[in-house]
Amino acid sequence: MSTLSSQEIVELTRKYNYGTWRFQKGWTPMHIADAEGCYLITGDGRRLLDFSSQLMCSNLGHKNQAVIDSIAKQAQDLAYAMPGYATEARAELSKLLVEVLPAGLNKFFFTTSGTEANEAAFKIARMYTGKTKIIARYRSYHGSTSGSIAATGDPRRWAMEPAGKGQGVIFGPEVHCYKCPIKHTYPSCGIACADYLEHMIRNESDVAAVLVEPIVGTNGVIVPPDGYMPKLRKICDAYGVLLIADEVMSGWGRSGEWFAMNHWGVVPDILVTAKGITSAYVPLGLCATSEKIAAYFEDHYFAHGHTYEAHPMTLAPAVATIHEMERLGLVERARSLGGYMEGKLRELMERHVCVGDVRGKGLFWAVDLVKNKTTKEPFNTYSDKVAGKVLVVDQIAGKVLGEGVTIQAWVSHFVVAPPLIVTKEEIDRGVAALDLHLSIADGLVE
Ligand code: PLP
């Protein structure tokens, strides 16, 4: 037992740590002392319903005994062996991944984060194709280190420019039917945003890969229209360009399929994932590649690796997580609760003028706030955030917290993504807390 008081825990954390993606001033971290199922328990004993699975990663919920046991057992049996060795956890997980990943993604590189898994994917794509450029899209996030932040389309990249600029990354249009950047309307547009990516490939030389989040996560849970992914697959095939799917957030049942790409029956050449792979019990990332890429490296040097790659302590809980997801039927559960969640969020949109759009799949949804329903102008932009302004969504999230519900707010929307074990009653409770405080934004609508 710690001898520190709750107040000391907060003060020491605040004094000696950076609060990320924010000004340090004004950061008072909340003390989380315990957690159980869909709830976090604060240092002063409040139970908070986690309506975003922390960072859309605690998919199984907290205190899953099978995952806890797997960690304890692995620590007893073998805490570490260097990556060149074979371990039971590595073999077991590999066998399971072949079963749950889209067919043909059979060769794995394990990391300790989504960021590193993307870095691995970029290097592998460049080594395999002998080409450099990666086409990413504006509304996207792929990680925070130099390569992955350079491939991030959203303004989090700006802080690293010009140092991180380029790195062989160019940006194409996002697929965002609600706020189409070229003001087209689906389906009459014929999915012109995919055609434009083809135009880019034709007019650039040296393109190694197209990088997409199949369902865009932090940037607003953007689900592409059904024809987009199959069209992109065809374009990539026609030009010998690899398709990389970043499923760090969208994977592991979150959208009602094991992986979001399954919604469209499209298999990428490289799939990157993390977060739900261990339900955040331990840090693990995965870069899974196709057999043709694997075959290439049989007689070409694989120039990549980490000390903590394929760390046994990260792999054993992933095995337990997958078994638990299967035992509890969580992929099916996310799919079947998706309709319920959608109904509740659509009611919210009807009741509040500030809600411009709700969109998502499974248990992965955005509630998008707009100041003006016609122009779809948001209340805030990322520039307001880096200027230290108090954002409307953060004000609302603060009030929702007062109701005992935590929710992730990002610039001008909320990400609603509770643990996949959530009940209908808990969905009702989370939506009701939002319902109570969206009136803050209703009052600001023009
Ligand atoms: N890719 C996507 C789609 C993400 O959502 C994230 C994190 O939110 C990352 C990559 C980076 O993963 P990590 O934070 O584990 O490095």
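Helix H5 (residues 114-129) gives the shell around the ligand its largest share, three residues. Helices here are DSSP runs of H or I with at least four residues, strands are E runs of at least two, and both are numbered from the N terminus. This is a predicted model, where local features need pLDDT of at least 70, side-chain atom pairs count only at pLDDT 80 or more, and totals for chains, interfaces and linings use all residues. Residue numbers start from 1 along each chain as its sequence is written.

**Around the ligand**
- There are 15 residues around the ligand, and Ser113, Gly114, Thr115, Val248 and Met249 come nearest; a residue is near if its C-beta atom, placed from the backbone, lies within 6 Å.
- The shell splits into five nonpolar, eight polar and two charged residues. Nonpolar covers Ala, Val, Leu, Ile, Met, Phe, Trp, Tyr, Cys and Pro, charged covers Asp, Glu, Lys and Arg, and the others, Gly among them, are polar.

**Two domains**
- Domain 1 is 31-63 + 329-443 and domain 2 is 65-328, with bounds from an automatic or database domain assignment.
- Taken over C-alpha atoms, the centres of domain 1 and domain 2 are separated by 25 Å.
- In domain 1, 31 residues are in contact with 30 residues of domain 2; contact means that C-beta atoms, placed from the backbone, lie within 7 Å.
- On the side of domain 1 that touches domain 2, the elements giving two or more residues are helix H2 (53-56), helix H11 (330-351), strand E11 (355-361), strand E12 (364-369) and strand E15 (413-416).
- H11 supplies the largest share of that side, five residues.
- By type, that side of domain 1 has 16 nonpolar, eight polar and seven charged residues.

**Helix H4**
- H4 (residues 88-100) has 13 residues and reaches 19 Å from its first C-alpha to its last, close to the 18 Å expected at 1.5 Å a residue. The expected span is 1.5 Å times one less than the number of residues.
- Ala89, Arg90, Leu93 and Leu97 are buried in H4. They sit on the same side of H4 because they cover an arc of only 90 degrees around the axis, taken from the directions from the helix axis to the C-beta atoms.
- Buried means 20 or more other C-beta atoms within 10 Å of a residue's own, exposed means 12 or fewer, and partly exposed is in between, with C-beta atoms placed from the backbone.
- Turned away from the buried side of H4 is a face with the exposed residues Ala91, Lys95 and Glu99.
- Packing against the buried residues of H4 are helix H3 (65-77), strand E4 (105-111), strand E10 (285-290) and helix H10 (312-328).

**Helix H8**
- H8 (residues 228-239) has twelve residues that should span 16 Å at 1.5 Å a residue, and its end C-alpha atoms are 17 Å apart, which agrees.
- Tyr228, Met229, Lys231, Leu232, Arg233 and Cys236 are the buried residues of H8, and their cover includes helix H7 (192-203), strand E7 (207-212) and strand E8 (242-246).
- Gly240 follows H8 and has a positive phi, near 65 degrees.

- Tyr186 and Pro187 are joined by a cis peptide bond, with omega about 5 degrees; Pro187 lies in the loop between strand E6 (169-172) and H7.
- Trp21 is a non-glycine residue with positive phi, near 55 degrees, and counts as exposed because it has 11 C-beta neighbours inside 10 Å.
- Val221, in the loop between E7 and H8, also isn't glycine and has a positive phi near 40 degrees. Val221 counts as buried, with 30 C-beta neighbours inside 10 Å.

Note on methods
Two residues are in contact if their C-beta atoms, placed from the backbone, lie within 7 Å.
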